[in-house]
Structures are given as structure tokens and as C-alpha cells.
Amino acid sequence: MTYVVGLTGGIGSGKSAATAEFEKLGIAVVDADVVARQVVMPGTSCLQAIAEHFGSHLVTKNGELDRRALRQRVFSNPEEKEWLNNLLHPAIREEILVQLEQAKSPYVILSAPLLLENGLEKYCQRVVVVDVPETVQLQRTLQRDNSPKKEVEAIMQAQLSRDTRRQKADDILNNDGSIEKLQQQVKQLHQRYLAAIVAQEK
Ligand SMILES: CC(C)(COP(=O)(O)OP(=O)(O)OC[C@H]1O[C@@H](n2cnc3c(N)ncnc32)[C@H](O)[C@@H]1O)[C@@H](O)C(=O)NCCC(=O)NCCS
Ligand SMILES: Nc1ncnc2c1ncn2[C@@H]1O[C@H](COP(=O)(O)OP(=O)(O)OP(=O)(O)O)[C@@H](O)[C@H]1O
């Protein structure tokens, strides 16, 4: 399999902003959040299981998952979050591995908010963490999602702490500055990963 760089960070840390920069550099990105949407598309067994467990009202009239309703259910009830994770994480992992195999760029980014929580780093040669203070996470997510503060805080509580994530990182992207600063750091890491691949091939 191609050289895999795991990219993670808490909600609203800037994973999508960072992966967009890697894509501009011609690097394939496998995004767990995108895969998480694919596995609950209309007609999937996962969506059927969610409707059977939580109630058919979680499926909209056009047959799609009511994501906001499910978000409210699972992040206010740890047992329900556990049930959903146990259903979706195996399906997400399976599809991630398929997409990693299909990647054609010099290395591939596996972006996952729960990369470390779900042990996905075992598929990665290197792990980069997008790091911001919790206050910045909260402010940016509230602005982007227009979600209740308690809900975003519950999601943050369901994820690793900032310190634990930083300790497990091989590389850090500091994203508490401008987007331009993030772009500069991504370009530097890109050169390092290309050099690491050349060194590995020798
Ligand atoms: C609950 C759902 C439907 C809410 O959907 P919604 O569109 O509102 O949010 P979205 O999927 O974009 O997630 C927003 C952020 O929430 C965080 N998050 C999502 N799922 C989880 C989870 N199970 N545990 C902790 N944080 C999570 C991540 O930081 C994610 O980037 C959705 O998050 C979901 O299906 N989660 C379970 C699948 C999962 O664990 N995805 C993460 C893959 S690593
Ligand atoms: N350096 C930055 N300066 C200002 N705003 C930023 C910066 N980086 C990201 N943002 C904004 O903060 C919000 C969160 O960023 P982004 O969506 O990339 O985070 P994420 O980690 O992918 O979030 P999630 O875990 O919810 O998928 C977005 O609205 C994004 O445009």
C-alpha cells in the first residue's frame, strides 16, 4: 500500500482546511467523515439499522438520514453514541481500506477525527495532528455549524484531549493562526513526506 499519513484533530480543528491544501499539492485524501456519510446513504443496511434502532423519523421523506436529529440523539446519550459507533466504525474502516488501496498519489492522507481513538494509526506510516486550543475549536465550530454550545462540548468530550492527541503525533500543524500559516506548514510537511518516501525506497 502507498505511504499513508494519518491526519487527525478535534472537531473544528481544521482537518478539512488542511486536507484541502494537501489536495492542491496533488495528494489523494481519504476522508473518514466523507466515508461516514457514504455508509449511511439511502438503501444501505446501516441506514436501515439506524431507522430500526432510533425510529423511522430519523429518515427524511427523501430517504436520507436526518443527521442533525441523530447528532442530537447520540451526543446527549453515551450509550446511543456507543451503539452508533459499534454499527458504523467497522463499515467505515472497511471502506477506508478500499480507498487507501486505490490511492494513486506519492503518498495518501487518511483524515479521520477518531484516527487515534479507533486505532486507525496502525495503517499509517506517520501521524500528523491539526492542533488548536479548545477555545478556538469551540468558537470556529459554533460559527460554522450554528450548533448549541453544549452539543459541541459533548462532541469534544467524546474525543481525545488536546494533550493526548499531541503526545501521539509525529508531526503537528498549528492552526491557531491564519489559513496562510497553515498552508505554509502543509507545504513544509509535504516536502518532508516526499523525502521520506525517497529515503524509504533506497
Ligand atoms: C452523528 C452524525 C450523524 C452527525 O452528523 P453531522 O453531519 O452533524 O456531523 P459530521 O458527521 O460532519 O461530524 C462532525 C464532527 O463530529 C465529530 N464526530 C463525528 N462522529 C463522532 C463520534 N462518533 N465520536 C466523536 N466525535 C464524532 C468529528 O469531529 C466530526 O468531524 C455523524 O457525526 C456520525 O455519523 N457519526 C458517527 C460516525 C463516526 O464516528 N464518524 C467519525 C469517523 S472517524
Ligand atoms: N486557520 C483558520 N483560520 C480561520 N478559520 C479557520 C482556520 N482553519 C479552519 N477554519 C474554519 O474553522 C472551521 C472548522 O474548520 P474545518 O471544518 O476544516 O475543521 P474540521 O477539523 O474538518 O472539523 P470537523 O471535525 O467538524 O470535520 C471551518 O469553518 C473553517 O473554515
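Guide: E80 is buried, with a relative accessibility of 16%; buried means under 20% relative accessible area, exposed over 50%, and partly exposed in between, with a 1.4 Å probe and protein chains only. This is a predicted model, in which local features need pLDDT of at least 70 and side-chain atom pairs count only at pLDDT 80 or more, while totals for chains, interfaces and linings use all residues. Residues are numbered from 1 along each chain as its sequence is written, chains are lettered from A and ligands numbered from 1 in the order in which they are written, and side-chain values use heavy atoms, with hydrogens and water left out.

The partner of E80 in a salt bridge is R73, with 3.5 Å between the closest N and O atoms; the term requires a side-chain nitrogen of Lys or Arg within 4 Å of a carboxyl oxygen of Asp or Glu. R73 is partly exposed, at 29% relative accessibility.

E80 also takes part in a helix contact, where C46, A49, I50, H53 and F54 of helix 3 meet E80, W83, L84, L87, L88 and A91 of helix 5 (contact: heavy atoms within 4.5 Å). Among the residues of this contact, nine are nonpolar, one is polar and one is charged; Ala, Val, Leu, Ile, Met, Phe, Trp, Tyr, Cys and Pro count as nonpolar, Asp, Glu, Lys and Arg as charged, and the others, Gly among them, as polar. Helices are DSSP runs of H or I with at least four residues, strands are E runs of at least two, and both are numbered from the N terminus. Helix 3 (residues 45–54) packs on helix 5 (residues 78–102) at about 165°, their axes lying 11 Å apart. Helix 3 is therefore roughly antiparallel to helix 5, a label for angles over 145 degrees. Axes are lines fitted to C-alpha atoms, for helices over the stretch in contact, and angles run from 0 to 180 degrees between N-to-C directions.

The structure contains 10 salt bridges. In one of them, R166 pairs with D131, the closest N and O atoms being 2.6 Å apart. R166 belongs to helix 8 (residues 162–167) and D131 to strand 4 (residues 126–131), so this pair ties together parts 35 residues apart in sequence. D131 is buried at 3% relative accessibility, whereas R166 is partly exposed at 35%. Salt bridges with shared partners also join R71, R144, D145 and E151 into one network.

Terms used:
Angles under 35 degrees count as roughly parallel, over 145 as roughly antiparallel, 65 to 115 as roughly perpendicular and the rest as oblique.
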